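Subject: A structure for you to look through

Hi there,

Here is the structure I promised to pass on. Please open it first, and then read my notes below beside it.

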Amino acid sequence: MTTAVIWFRRDLRLSDNPALLAGLAGVDNLIPVYIHQSPINQSWPIGSASRWWLHHSLKALDDSLCSLGSRLVLRHGNPLEILRELIKAHGAESVYWNRLYDPDEVARDAFIKKALRDDGLRVETFNGSLLFEPWEIRRPGGEPYRVFTPYWKAMQALGLHRPPEPAPAAMPPLAEGMHGDSLDSLELLPRIPWDLGFYDFWSVGEAAAKARFTEFRDTNLASYKTGRDFPSQAGTSRISPHLHFGEISPRQVVDFLRHDQDFGLAGGCESYLREIAWREFAAHLLFHFPHTADSPMDDRFLRLPWGKDYGDDLKRWEMGSTGFPIIDAGMRELWHTGWMHNRVRMIVASLLTKNLLIPWQEGARWFWDTLVDADLASNSMGWQWTAGCGADAAPYFRIFNPILQGERFDPQGEYVRRWVPELSALPSRLIHKPWEVGDSKLADIGVKLGNDYPYPMVDLKASRERALKAFGVIKTPTVVPTEYSSTGRGA
DNA sequence: TGAAATGTTGGGGCG
DNA sequence: ACGCCCCAACATTTC
(Lines give C-alpha, C1' and ligand atoms only; values in the text may rest on other atoms or scores of the structure.)
Protein backbone atom coordinates (compact mmCIF):
# COMPACT_ATOMS: atom_id res chain seq x y z
CA MET A 1 0.00 0.00 0.00
CA THR A 2 1.72 3.20 -1.15
CA THR A 3 0.46 6.72 -0.53
CA ALA A 4 1.40 10.03 -2.09
CA VAL A 5 0.45 13.62 -1.33
CA ILE A 6 -0.30 16.06 -4.13
CA TRP A 7 -0.05 19.59 -2.85
CA PHE A 8 -2.25 21.89 -4.94
CA ARG A 9 -1.36 25.56 -4.96
CA ARG A 10 -2.02 27.65 -8.08
CA ASP A 11 -2.57 24.69 -10.37
CA LEU A 12 -6.24 24.22 -9.60
CA ARG A 13 -7.03 21.87 -12.47
CA LEU A 14 -6.92 18.19 -13.30
CA SER A 15 -5.88 18.33 -16.95
CA ASP A 16 -2.26 19.03 -17.91
CA ASN A 17 -1.21 18.78 -14.30
CA PRO A 18 2.21 17.11 -14.21
CA ALA A 19 2.43 16.87 -10.42
CA LEU A 20 -0.95 15.16 -10.28
CA LEU A 21 0.00 12.66 -12.99
CA ALA A 22 3.31 11.90 -11.30
CA GLY A 23 1.56 11.42 -7.97
CA LEU A 24 -0.95 9.04 -9.51
CA ALA A 25 1.66 6.82 -11.11
CA GLY A 26 1.99 3.62 -9.18
CA VAL A 27 0.31 4.62 -5.92
CA ASP A 28 -2.65 3.10 -4.17
CA ASN A 29 -3.67 6.22 -2.29
CA LEU A 30 -3.39 9.86 -3.22
CA ILE A 31 -4.10 12.72 -0.88
CA PRO A 32 -4.93 15.95 -2.74
CA VAL A 33 -4.45 18.84 -0.35
CA TYR A 34 -4.72 22.62 -0.50
CA ILE A 35 -3.18 24.56 2.37
CA HIS A 36 -4.33 28.10 3.04
CA GLN A 37 -1.46 30.01 4.61
CA SER A 38 -1.92 32.64 7.25
CA PRO A 39 -1.15 36.13 5.89
CA ILE A 40 1.34 36.64 8.68
CA ASN A 41 4.94 36.66 7.47
CA GLN A 42 3.95 36.94 3.82
CA SER A 43 5.06 40.11 2.06
CA TRP A 44 2.24 39.81 -0.47
CA PRO A 45 -0.61 37.91 1.20
CA ILE A 46 -3.41 37.09 -1.23
CA GLY A 47 -5.67 40.08 -1.92
CA SER A 48 -9.39 40.34 -1.28
CA ALA A 49 -10.60 39.85 -4.85
CA SER A 50 -8.22 36.93 -5.35
CA ARG A 51 -9.56 35.33 -2.17
CA TRP A 52 -13.02 35.45 -3.69
CA TRP A 53 -11.75 33.71 -6.79
CA LEU A 54 -9.78 31.17 -4.79
CA HIS A 55 -12.87 30.21 -2.79
CA HIS A 56 -14.80 29.34 -5.93
CA SER A 57 -11.84 27.72 -7.61
CA LEU A 58 -11.26 25.40 -4.65
CA LYS A 59 -14.94 24.50 -4.75
CA ALA A 60 -14.72 23.71 -8.46
CA LEU A 61 -11.60 21.59 -8.01
CA ASP A 62 -13.22 19.69 -5.15
CA ASP A 63 -16.25 19.01 -7.34
CA SER A 64 -14.00 17.71 -10.14
CA LEU A 65 -12.10 15.47 -7.75
CA CYS A 66 -15.37 14.19 -6.33
CA SER A 67 -16.55 13.19 -9.77
CA LEU A 68 -13.41 11.05 -10.05
CA GLY A 69 -14.01 9.46 -6.67
CA SER A 70 -11.73 11.62 -4.53
CA ARG A 71 -11.88 14.88 -2.59
CA LEU A 72 -9.81 18.00 -2.07
CA VAL A 73 -8.54 18.11 1.50
CA LEU A 74 -8.53 21.70 2.71
CA ARG A 75 -6.33 22.84 5.55
CA HIS A 76 -5.10 26.13 6.88
CA GLY A 77 -1.89 26.89 8.70
CA ASN A 78 1.81 26.24 8.20
CA PRO A 79 2.36 24.15 5.05
CA LEU A 80 5.34 22.15 6.30
CA GLU A 81 3.61 21.26 9.57
CA ILE A 82 0.45 20.23 7.77
CA LEU A 83 2.27 18.18 5.15
CA ARG A 84 4.21 16.38 7.85
CA GLU A 85 1.05 15.73 9.78
CA LEU A 86 -0.68 14.23 6.73
CA ILE A 87 2.38 12.20 5.82
CA LYS A 88 2.63 10.77 9.31
CA ALA A 89 -1.07 10.07 9.72
CA HIS A 90 -1.37 8.25 6.39
CA GLY A 91 2.05 6.75 5.93
CA ALA A 92 2.76 8.71 2.74
CA GLU A 93 6.09 8.15 1.04
CA SER A 94 6.12 10.87 -1.56
CA VAL A 95 4.98 14.45 -2.12
CA TYR A 96 4.40 16.17 -5.45
CA TRP A 97 3.68 19.74 -6.41
CA ASN A 98 3.92 22.16 -9.30
CA ARG A 99 6.41 24.94 -8.82
CA LEU A 100 5.66 28.59 -8.09
CA TYR A 101 8.10 31.37 -8.83
CA ASP A 102 7.34 34.39 -6.64
CA PRO A 103 10.29 35.17 -4.33
CA ASP A 104 8.67 34.19 -1.03
CA GLU A 105 7.27 31.03 -2.56
CA VAL A 106 10.60 29.97 -4.02
CA ALA A 107 12.22 30.32 -0.61
CA ARG A 108 9.37 28.60 1.22
CA ASP A 109 9.21 25.69 -1.21
CA ALA A 110 12.97 25.16 -1.20
CA PHE A 111 12.87 24.99 2.58
CA ILE A 112 9.96 22.56 2.60
CA LYS A 113 11.49 20.38 -0.09
CA LYS A 114 14.73 20.03 1.85
CA ALA A 115 12.95 19.38 5.14
CA LEU A 116 10.79 16.63 3.65
CA ARG A 117 13.69 15.02 1.86
CA ASP A 118 15.62 15.07 5.12
CA ASP A 119 12.63 13.25 6.59
CA GLY A 120 13.31 10.52 4.04
CA LEU A 121 10.48 11.32 1.64
CA ARG A 122 10.48 11.36 -2.10
CA VAL A 123 9.68 14.94 -3.21
CA GLU A 124 9.24 15.85 -6.86
CA THR A 125 8.24 19.20 -8.29
CA PHE A 126 7.14 20.16 -11.80
CA ASN A 127 6.49 23.03 -14.12
CA GLY A 128 2.74 23.43 -14.34
CA SER A 129 2.23 27.14 -14.91
CA LEU A 130 4.72 28.38 -17.50
CA LEU A 131 5.75 27.40 -21.00
CA PHE A 132 9.37 27.78 -19.92
CA GLU A 133 11.02 27.82 -16.54
CA PRO A 134 12.36 31.30 -15.66
CA TRP A 135 15.90 29.95 -15.87
CA GLU A 136 15.44 28.09 -19.15
CA ILE A 137 15.63 31.13 -21.41
CA ARG A 138 18.94 32.97 -21.09
CA ARG A 139 20.94 35.41 -23.13
CA PRO A 140 23.92 33.91 -24.95
CA GLY A 141 26.21 34.91 -22.09
CA GLY A 142 23.90 33.24 -19.57
CA GLU A 143 22.40 36.45 -18.18
CA PRO A 144 18.62 36.80 -17.85
CA TYR A 145 16.83 38.92 -20.43
CA ARG A 146 15.81 42.46 -19.59
CA VAL A 147 14.26 43.33 -22.94
CA PHE A 148 11.13 41.67 -24.23
CA THR A 149 11.77 41.41 -27.96
CA PRO A 150 14.95 39.31 -27.81
CA TYR A 151 13.34 37.23 -25.06
CA TRP A 152 10.33 36.64 -27.30
CA LYS A 153 12.57 35.68 -30.22
CA ALA A 154 14.51 33.24 -28.05
CA MET A 155 11.23 31.76 -26.86
CA GLN A 156 9.92 31.33 -30.39
CA ALA A 157 13.18 29.72 -31.45
CA LEU A 158 12.60 27.05 -28.80
CA GLY A 159 9.06 26.45 -30.05
CA LEU A 160 6.00 27.50 -28.09
CA HIS A 161 4.05 24.30 -28.41
CA ARG A 162 4.46 21.86 -25.53
CA PRO A 163 1.76 19.21 -25.79
CA PRO A 164 -0.39 19.24 -22.66
CA GLU A 165 -1.08 16.12 -20.61
CA PRO A 166 -4.57 14.67 -20.32
CA ALA A 167 -6.63 14.66 -17.14
CA PRO A 168 -6.63 11.43 -15.15
CA ALA A 169 -9.60 9.18 -15.83
CA ALA A 170 -10.02 8.18 -12.19
CA MET A 171 -8.58 8.85 -8.78
CA PRO A 172 -8.02 6.50 -5.87
CA PRO A 173 -10.51 7.22 -3.10
CA LEU A 174 -9.43 9.07 0.01
CA ALA A 175 -8.43 6.96 2.98
CA GLU A 176 -11.15 6.16 5.50
CA GLY A 177 -11.69 8.89 8.02
CA MET A 178 -9.73 11.45 6.05
CA HIS A 179 -11.19 14.89 6.39
CA GLY A 180 -10.08 18.48 6.09
CA ASP A 181 -11.41 21.87 7.02
CA SER A 182 -14.59 23.16 5.45
CA LEU A 183 -14.25 25.65 2.63
CA ASP A 184 -16.20 28.22 4.63
CA SER A 185 -13.82 27.91 7.55
CA LEU A 186 -11.04 29.32 5.38
CA GLU A 187 -13.04 32.58 5.39
CA LEU A 188 -12.03 33.53 1.90
CA LEU A 189 -15.24 35.33 1.03
CA PRO A 190 -15.68 38.95 2.17
CA ARG A 191 -17.65 39.68 5.33
CA ILE A 192 -19.07 42.81 3.72
CA PRO A 193 -20.74 41.71 0.49
CA TRP A 194 -18.92 43.91 -2.02
CA ASP A 195 -18.49 40.91 -4.28
CA LEU A 196 -22.09 40.58 -5.50
CA GLY A 197 -21.23 42.00 -8.93
CA PHE A 198 -18.49 39.44 -9.41
CA TYR A 199 -21.01 36.66 -9.89
CA ASP A 200 -22.36 38.35 -13.02
CA PHE A 201 -18.97 38.45 -14.67
CA TRP A 202 -17.19 35.26 -13.82
CA SER A 203 -17.56 31.53 -13.89
CA VAL A 204 -14.72 30.07 -11.90
CA GLY A 205 -12.96 26.76 -12.36
CA GLU A 206 -11.29 24.54 -14.90
CA ALA A 207 -14.33 23.87 -17.06
CA ALA A 208 -15.24 27.56 -17.15
CA ALA A 209 -11.66 28.48 -18.05
CA LYS A 210 -11.65 26.17 -21.03
CA ALA A 211 -15.10 27.31 -22.12
CA ARG A 212 -14.12 30.96 -21.93
CA PHE A 213 -10.91 30.45 -23.82
CA THR A 214 -12.41 28.40 -26.64
CA GLU A 215 -15.24 30.93 -26.94
CA PHE A 216 -12.67 33.68 -27.35
CA ARG A 217 -10.66 31.63 -29.82
CA ASP A 218 -13.70 31.04 -31.98
CA THR A 219 -15.00 34.61 -31.91
CA ASN A 220 -12.67 37.50 -31.08
CA LEU A 221 -9.23 36.01 -31.63
CA ALA A 222 -9.24 36.86 -35.35
CA SER A 223 -9.62 40.57 -34.63
CA TYR A 224 -7.60 40.52 -31.41
CA LYS A 225 -4.80 42.69 -32.73
CA THR A 226 -7.01 45.75 -32.95
CA GLY A 227 -10.05 44.62 -30.97
CA ARG A 228 -8.07 44.26 -27.76
CA ASP A 229 -7.64 48.03 -27.55
CA PHE A 230 -11.31 48.90 -27.13
CA PRO A 231 -12.47 48.46 -23.55
CA SER A 232 -16.18 48.53 -24.40
CA GLN A 233 -15.75 45.39 -26.50
CA ALA A 234 -15.13 41.81 -25.40
CA GLY A 235 -12.00 41.87 -27.54
CA THR A 236 -9.72 40.12 -25.05
CA SER A 237 -9.85 36.57 -23.75
CA ARG A 238 -10.25 37.51 -20.06
CA ILE A 239 -8.57 34.31 -18.99
CA SER A 240 -6.02 36.08 -16.76
CA PRO A 241 -7.57 34.93 -13.45
CA HIS A 242 -7.95 31.39 -14.78
CA LEU A 243 -4.29 31.39 -15.79
CA HIS A 244 -3.21 32.87 -12.48
CA PHE A 245 -4.88 30.13 -10.47
CA GLY A 246 -3.84 27.46 -12.92
CA GLU A 247 -7.35 26.51 -13.97
CA ILE A 248 -5.89 26.50 -17.45
CA SER A 249 -2.22 26.18 -18.33
CA PRO A 250 -0.33 28.18 -20.96
CA ARG A 251 0.55 24.87 -22.61
CA GLN A 252 -3.17 24.24 -23.04
CA VAL A 253 -3.72 27.75 -24.37
CA VAL A 254 -1.09 27.27 -27.06
CA ASP A 255 -2.42 23.83 -27.83
CA PHE A 256 -6.03 25.03 -28.13
CA LEU A 257 -4.85 27.76 -30.49
CA ARG A 258 -3.41 25.10 -32.75
CA HIS A 259 -6.89 23.75 -33.33
CA ASP A 260 -7.40 26.92 -35.30
CA GLN A 261 -6.48 26.08 -38.89
CA ASP A 262 -4.71 29.40 -39.26
CA PHE A 263 -2.34 28.94 -36.35
CA GLY A 264 0.63 31.23 -36.87
CA LEU A 265 -1.05 32.98 -39.77
CA ALA A 266 -4.12 34.69 -38.35
CA GLY A 267 -3.31 38.23 -37.29
CA GLY A 268 -4.80 37.73 -33.86
CA CYS A 269 -2.85 34.61 -33.08
CA GLU A 270 0.62 36.09 -33.08
CA SER A 271 -0.36 39.13 -31.04
CA TYR A 272 -2.23 36.93 -28.57
CA LEU A 273 0.79 34.65 -28.16
CA ARG A 274 2.91 37.73 -27.51
CA GLU A 275 0.70 38.46 -24.50
CA ILE A 276 1.21 34.93 -23.24
CA ALA A 277 4.92 35.59 -23.70
CA TRP A 278 4.68 38.84 -21.69
CA ARG A 279 3.31 36.75 -18.84
CA GLU A 280 6.32 34.44 -19.12
CA PHE A 281 8.65 37.43 -19.33
CA ALA A 282 7.14 38.84 -16.12
CA ALA A 283 7.81 35.57 -14.30
CA HIS A 284 11.34 35.52 -15.73
CA LEU A 285 12.01 39.07 -14.49
CA LEU A 286 10.64 38.61 -10.99
CA PHE A 287 12.49 35.35 -10.59
CA HIS A 288 15.84 36.87 -11.54
CA PHE A 289 15.24 40.27 -9.95
CA PRO A 290 13.20 39.40 -6.86
CA HIS A 291 13.40 42.88 -5.37
CA THR A 292 11.31 44.30 -8.24
CA ALA A 293 7.98 43.55 -6.58
CA ASP A 294 8.77 46.42 -4.22
CA SER A 295 11.59 48.44 -5.75
CA PRO A 296 12.29 49.82 -9.19
CA MET A 297 14.34 47.67 -11.52
CA ASP A 298 16.12 50.80 -12.68
CA ASP A 299 17.55 52.24 -9.48
CA ARG A 300 17.87 55.73 -10.92
CA PHE A 301 14.18 55.96 -10.10
CA LEU A 302 14.92 55.63 -6.39
CA ARG A 303 15.63 59.35 -6.33
CA LEU A 304 12.39 60.34 -7.94
CA PRO A 305 10.64 63.06 -5.91
CA TRP A 306 7.18 61.55 -5.60
CA GLY A 307 4.44 63.78 -4.26
CA LYS A 308 3.91 64.22 -0.54
CA ASP A 309 0.65 63.80 1.40
CA TYR A 310 -1.09 62.22 -1.54
CA GLY A 311 -3.52 60.21 0.60
CA ASP A 312 -6.66 62.03 -0.52
CA ASP A 313 -5.64 61.97 -4.18
CA LEU A 314 -4.95 58.24 -3.95
CA LYS A 315 -8.38 57.70 -2.43
CA ARG A 316 -10.09 59.59 -5.25
CA TRP A 317 -8.22 57.51 -7.80
CA GLU A 318 -9.14 54.27 -6.03
CA MET A 319 -12.79 55.26 -5.76
CA GLY A 320 -13.11 56.33 -9.38
CA SER A 321 -13.91 59.96 -8.74
CA THR A 322 -11.03 61.72 -10.45
CA GLY A 323 -13.27 63.67 -12.82
CA PHE A 324 -11.76 62.01 -15.91
CA PRO A 325 -14.47 59.72 -17.31
CA ILE A 326 -12.21 57.03 -18.80
CA ILE A 327 -10.23 56.81 -15.55
CA ASP A 328 -13.32 56.64 -13.37
CA ALA A 329 -14.90 54.06 -15.66
CA GLY A 330 -11.81 51.87 -15.34
CA MET A 331 -11.54 52.18 -11.58
CA ARG A 332 -15.22 51.37 -11.17
CA GLU A 333 -15.00 48.43 -13.54
CA LEU A 334 -12.18 47.16 -11.33
CA TRP A 335 -14.20 47.60 -8.17
CA HIS A 336 -17.35 46.00 -9.54
CA THR A 337 -15.84 43.11 -11.48
CA GLY A 338 -12.37 42.54 -10.05
CA TRP A 339 -10.91 43.14 -13.48
CA MET A 340 -9.99 46.05 -15.74
CA HIS A 341 -9.34 46.14 -19.45
CA ASN A 342 -5.60 46.35 -20.14
CA ARG A 343 -5.80 49.51 -22.23
CA VAL A 344 -7.49 51.22 -19.30
CA ARG A 345 -4.97 49.79 -16.81
CA MET A 346 -2.30 51.71 -18.70
CA ILE A 347 -4.32 54.92 -18.70
CA VAL A 348 -5.16 54.85 -14.98
CA ALA A 349 -1.59 53.88 -14.11
CA SER A 350 -0.21 56.77 -16.12
CA LEU A 351 -2.50 59.22 -14.34
CA LEU A 352 -1.49 57.90 -10.92
CA THR A 353 2.25 57.78 -11.43
CA LYS A 354 2.70 60.78 -13.72
CA ASN A 355 -0.06 63.34 -13.28
CA LEU A 356 -0.65 62.62 -9.60
CA LEU A 357 3.01 61.79 -8.92
CA ILE A 358 1.98 58.96 -6.59
CA PRO A 359 4.47 56.07 -6.27
CA TRP A 360 3.69 53.13 -8.55
CA GLN A 361 3.82 50.85 -5.52
CA GLU A 362 0.58 52.42 -4.24
CA GLY A 363 -1.15 51.54 -7.49
CA ALA A 364 0.33 48.06 -7.40
CA ARG A 365 -1.04 47.57 -3.85
CA TRP A 366 -4.54 48.62 -4.90
CA PHE A 367 -4.52 46.38 -7.95
CA TRP A 368 -3.15 43.54 -5.83
CA ASP A 369 -6.10 43.79 -3.50
CA THR A 370 -8.85 44.40 -6.06
CA LEU A 371 -7.94 42.32 -9.12
CA VAL A 372 -9.11 38.75 -9.40
CA ASP A 373 -6.14 38.16 -11.70
CA ALA A 374 -3.62 39.80 -9.34
CA ASP A 375 -0.29 38.20 -10.16
CA LEU A 376 2.82 39.44 -8.44
CA ALA A 377 5.07 39.13 -11.49
CA SER A 378 2.67 40.63 -14.01
CA ASN A 379 1.46 43.33 -11.65
CA SER A 380 4.94 44.47 -10.68
CA MET A 381 6.12 44.47 -14.25
CA GLY A 382 3.05 46.31 -15.47
CA TRP A 383 3.35 49.09 -12.93
CA GLN A 384 7.04 49.47 -13.48
CA TRP A 385 6.41 49.53 -17.20
CA THR A 386 4.08 52.50 -16.82
CA ALA A 387 6.25 54.33 -14.34
CA GLY A 388 9.17 53.87 -16.71
CA CYS A 389 11.40 52.27 -14.10
CA GLY A 390 11.09 48.65 -15.20
CA ALA A 391 12.90 46.38 -17.59
CA ASP A 392 11.98 47.32 -21.14
CA ALA A 393 9.61 49.95 -19.78
CA ALA A 394 7.83 52.79 -21.49
CA PRO A 395 10.04 55.90 -21.56
CA TYR A 396 9.50 58.02 -18.48
CA PHE A 397 8.21 60.94 -20.54
CA ARG A 398 5.38 58.94 -22.06
CA ILE A 399 2.35 60.41 -20.37
CA PHE A 400 -1.13 59.42 -21.43
CA ASN A 401 -3.77 62.07 -21.87
CA PRO A 402 -6.96 60.49 -20.49
CA ILE A 403 -9.17 62.66 -22.72
CA LEU A 404 -7.39 61.71 -25.93
CA GLN A 405 -7.16 58.07 -24.88
CA GLY A 406 -10.88 58.10 -24.18
CA GLU A 407 -11.68 59.68 -27.53
CA ARG A 408 -9.42 57.27 -29.36
CA PHE A 409 -10.32 54.00 -27.66
CA ASP A 410 -13.88 54.66 -26.50
CA PRO A 411 -15.05 56.95 -29.29
CA GLN A 412 -18.76 56.28 -28.74
CA GLY A 413 -18.37 56.53 -24.98
CA GLU A 414 -19.97 53.12 -24.44
CA TYR A 415 -17.42 52.12 -21.83
CA VAL A 416 -17.88 55.36 -19.92
CA ARG A 417 -21.67 55.06 -20.12
CA ARG A 418 -21.51 51.54 -18.72
CA TRP A 419 -19.42 52.40 -15.67
CA VAL A 420 -20.14 56.09 -15.11
CA PRO A 421 -23.90 56.13 -15.59
CA GLU A 422 -24.28 59.70 -14.37
CA LEU A 423 -22.65 60.75 -17.66
CA SER A 424 -24.59 58.36 -19.85
CA ALA A 425 -26.78 61.06 -21.41
CA LEU A 426 -23.83 63.14 -22.61
CA PRO A 427 -23.20 63.25 -26.36
CA SER A 428 -20.29 61.06 -27.50
CA ARG A 429 -18.43 64.12 -28.71
CA LEU A 430 -18.11 65.51 -25.19
CA ILE A 431 -18.44 62.47 -22.95
CA HIS A 432 -14.71 62.43 -22.22
CA LYS A 433 -14.68 66.09 -21.21
CA PRO A 434 -17.95 66.85 -19.44
CA TRP A 435 -16.64 70.19 -18.17
CA GLU A 436 -16.86 71.48 -21.74
CA VAL A 437 -20.59 70.88 -21.82
CA GLY A 438 -22.37 74.04 -20.76
CA ASP A 439 -23.85 74.10 -17.28
CA SER A 440 -27.35 74.54 -18.63
CA LYS A 441 -26.98 71.59 -20.99
CA LEU A 442 -25.67 69.53 -18.08
CA ALA A 443 -28.63 70.63 -15.99
CA ASP A 444 -30.94 69.36 -18.75
CA ILE A 445 -29.62 65.86 -18.15
CA GLY A 446 -29.63 66.27 -14.40
CA VAL A 447 -25.90 66.68 -13.85
CA LYS A 448 -24.21 69.39 -11.86
CA LEU A 449 -20.44 69.22 -12.00
CA GLY A 450 -18.83 69.18 -8.61
CA ASN A 451 -21.99 67.63 -7.26
CA ASP A 452 -23.12 64.66 -9.36
CA TYR A 453 -19.77 64.20 -11.02
CA PRO A 454 -16.47 65.78 -9.97
CA TYR A 455 -14.46 68.37 -11.78
CA PRO A 456 -11.10 66.99 -13.00
CA MET A 457 -8.87 66.60 -9.94
CA VAL A 458 -5.75 67.85 -11.73
CA ASP A 459 -4.89 70.21 -14.52
CA LEU A 460 -3.51 67.90 -17.21
CA LYS A 461 -1.12 70.42 -18.70
CA ALA A 462 0.36 71.61 -15.42
CA SER A 463 0.61 68.13 -13.90
CA ARG A 464 2.23 66.84 -17.06
CA GLU A 465 4.90 69.52 -16.83
CA ARG A 466 5.39 68.78 -13.14
CA ALA A 467 5.84 65.07 -13.92
CA LEU A 468 8.34 65.72 -16.70
CA LYS A 469 10.35 67.87 -14.32
CA ALA A 470 10.20 65.32 -11.49
CA PHE A 471 11.01 62.36 -13.72
CA GLY A 472 13.81 64.36 -15.28
CA VAL A 473 15.99 63.65 -12.24
CA ILE A 474 16.78 60.24 -13.66
CA LYS A 475 18.78 61.92 -16.41
CA THR A 476 21.39 62.98 -13.87
CA PRO A 477 24.01 60.21 -14.17
CA THR A 478 25.00 60.12 -10.51
CA VAL A 479 24.16 62.02 -7.37
CA VAL A 480 27.14 64.19 -6.50
CA PRO A 481 27.44 64.84 -2.76
CA THR A 482 26.90 68.54 -2.13
CA GLU A 483 30.23 69.17 -0.44
CA TYR A 484 32.10 68.00 -3.52
CA SER A 485 29.91 69.76 -6.02
CA SER A 486 31.52 72.68 -7.79
CA THR A 487 28.10 74.28 -8.08
CA GLY A 488 27.18 73.54 -4.49
CA ARG A 489 25.72 76.22 -2.30
CA GLY A 490 28.94 76.73 -0.35
CA ALA A 491 31.23 77.02 -3.36
C1' DT B 1 -12.20 90.85 -55.69
C1' DG B 2 -7.88 90.30 -53.25
C1' DA B 3 -5.23 90.28 -49.33
C1' DA B 4 -4.93 89.37 -44.73
C1' DA B 5 -6.62 86.90 -40.89
C1' DT B 6 -8.06 82.67 -39.10
C1' DG B 7 -8.69 77.64 -39.08
C1' DT B 8 -7.15 72.72 -40.16
C1' DT B 9 -4.05 68.98 -41.04
C1' DG B 10 0.18 66.50 -40.87
C1' DG B 11 5.21 65.63 -40.05
C1' DG B 12 9.41 66.20 -37.12
C1' DG B 13 11.58 67.00 -32.81
C1' DC B 14 11.64 66.26 -28.22
C1' DG B 15 10.46 65.09 -23.31
C1' DA C 1 1.42 50.34 -25.83
C1' DC C 2 2.35 58.87 -26.21
C1' DG C 3 1.52 63.86 -26.42
C1' DC C 4 2.73 68.51 -27.06
C1' DC C 5 4.63 72.13 -29.64
C1' DC C 6 6.10 74.21 -33.73
C1' DC C 7 5.78 75.13 -38.36
C1' DA C 8 4.59 74.48 -43.11
C1' DA C 9 1.07 73.84 -46.33
C1' DC C 10 -3.30 74.35 -47.50
C1' DA C 11 -8.32 75.70 -46.73
C1' DT C 12 -11.76 78.97 -45.33
C1' DT C 13 -13.45 83.34 -43.66
C1' DT C 14 -13.43 88.24 -43.31
C1' DC C 15 -13.78 92.94 -44.84
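**Helix 7 and helix 10**

Helix 7 (residues 206–219) packs against helix 10 (residues 250–258) at an angle of about 35°, and their axes are 10 Å apart. Helices (H or I, at least four residues) are DSSP runs, numbered from the N terminus. The axes are lines fitted to C-alpha atoms over the stretch in contact, and angles run from 0 to 180 degrees between N-to-C directions.

Before going on, please note that this is a predicted model, in which local features need pLDDT of at least 70 and side-chain atom pairs count only at pLDDT 80 or more, while totals for chains, interfaces and linings use all residues. Residues are numbered from 1 along each chain as its sequence is written, and chains are lettered from A and ligands numbered from 1 in the order in which they are written.

Which residues meet between these two helices? Phe-213, Thr-214 and Arg-217 of helix 7 touch Val-253, Phe-256 and Leu-257 of helix 10 (contact puts C-beta atoms, placed from the backbone, within 7 Å). By class, that contact has four nonpolar, one polar and one charged residues. Here Ala, Val, Leu, Ile, Met, Phe, Trp, Tyr, Cys and Pro count as nonpolar, Asp, Glu, Lys and Arg as charged, and the others, Gly among them, as polar.

**Helix 14 and helix 16**

Helix 14 (residues 342–355) and helix 16 (residues 376–387) have axes 9 Å apart and an angle of about 60°. The two are therefore oblique to each other (under 35 degrees counts as roughly parallel, over 145 as roughly antiparallel, 65 to 115 as roughly perpendicular, and the rest as oblique). On the helix 14 side, the contact includes Arg-345 and Met-346, and on the helix 16 side it includes Gly-382 and Trp-383. Its residues divide into four nonpolar, four polar and one charged.

**Domains of chain A**

The domain assignment, automatic or from a database, gives domain 1 (3–128), domain 2 (130–160 + 204–288) and domain 3 (299–475). Over C-alpha atoms, the centres of domain 1 and domain 3 are 39 Å apart. Eight residues from domain 1 and nine residues from domain 3 make their contact.

**Around the DNA**

Phe-397, Arg-398, Leu-468 and Gly-472 surround DNA strand B (near means a C-beta atom, placed from the backbone, within 6 Å). Around DNA strand C there are, among others, Trp-278, Asn-342, Arg-398 and Lys-461. Which helix gives the largest share of the surface near DNA strand C? Helix 20 does, with three residues. That surface has five nonpolar, three polar and three charged residues.

Happy exploring!
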